[in-house]
Amino acid sequence: MIRIYKKTIILTSFIILIPIFAGLLLWNRLPEQMPVHFSFDGTVDGWGSKPFVVVGLPFVMLALHWFCIACTSIDPKQKNIGRKMIYVVLWIVPVISLFADLICYANALGYGVDVSSAVFFVIGIMFIIVGNYMPKSGQSYTVGYKIPWTLNSEENWNRTHRLAGWLWILGGFLFIVGAVVKWHWIIWAVLPIAVIPVIYSAILYKKGI
């Protein structure tokens, strides 16, 4: 995988490190303590030092990015994942990294950013994208609902991920609506999205699928 997607991996790795250059340019304007964590209502409830946010955080995200790449590369069923889902894996951390650093910088510089709405909107977009490609991805140990019943039955995997795809897309639209109307409780929609496909897969297994 690394050889096939080498250019994309180099590009995405560089993108993750872009906030370092932005932070160095803004260094004198940034406070010594910067926000790094926010509650559901957008209130800052976690702080980090300027060097950690500007330099350390991007490298943490880069390590996470390469961990995802490594896990996908050693997956014995990697060929089943699908090219488009591979690109989702390669781009998801860089996008999250840029977004997270932008939020941290904006709040540190005193710009009034509605963090909750911004986060919910981005989560919604990500859910829609993942939900769209999930039914098109075959059995693997890296992407999807990796439970014994789906891994042992291609039919179970396909049915479970068709349902999961629709749920993730629906959840994505709910998050976008939540971002617009400020429904902070919409975060709990993650639970049924995660649990229902597992229950459905178990039911299929009980039926012999």
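Trp-168 is in contact (heavy atoms within 4.5 Å) with Phe-127, Ile-128, Val-130, Gly-131, Met-134, Tyr-145 and Ile-193, leaving aside its neighbours within four places in sequence. This is a predicted model, in which local features need pLDDT of at least 70 and side-chain atom pairs count only at pLDDT 80 or more, while totals for chains, interfaces and linings use all residues. Residues are numbered from 1 along each chain as its sequence is written, and side-chain values use heavy atoms, with hydrogens and water left out.

The largest nonpolar core has 23 residues, of which Leu-90, Met-134 and Trp-168 touch the most other members. At least two residues of this core come from each of α3 (83-108), α4 (115-133) and α6. Helix α3 gives the most, with 5 residues. Apart from this core lies another, of 7 residues, including Leu-30, Met-34, Val-53 and Tyr-105. A nonpolar core is a set of buried Ala, Val, Leu, Ile, Met, Phe, Trp, Tyr and Cys residues joined through side-chain atoms within 4.5 Å. Helices are DSSP runs (H or I, at least four residues), numbered from the N terminus.

## Aromatic rings

The structure holds 6 aromatic pairs. Tyr-5 and Tyr-87 form an edge-to-face pair, 5.4 Å centre to centre with 90 degrees between the planes. Because Tyr-5 lies in the segment before α1 and Tyr-87 in helix α3, the pair ties together parts that are 82 residues apart in sequence. Rings of Phe, Tyr and Trp (its six-membered ring) pair if their centres lie within 6.5 Å; planes under 30 degrees apart count as stacked, over 60 as edge-to-face and the rest as tilted.

Tyr-5 counts as buried at 9% relative accessibility, whereas Tyr-87 is partly exposed at 28%. Buried means under 20% relative accessible area, exposed over 50% and partly exposed in between (1.4 Å probe, protein chains only). One aromatic cluster is formed by Phe-120, Phe-127, Trp-168 and Phe-175.

## Thr-12 in helix α1

Thr-12 lies in helix α1 (residues 6-25) and counts as buried, at 0% relative accessibility. Leaving aside its neighbours within four places in sequence, Thr-12 is in contact with His-65, Leu-90, Trp-91 and Pro-94.

## Val-180 in helix α6

Val-180 lies in helix α6. Its relative accessibility is 63%, so Val-180 counts as exposed.
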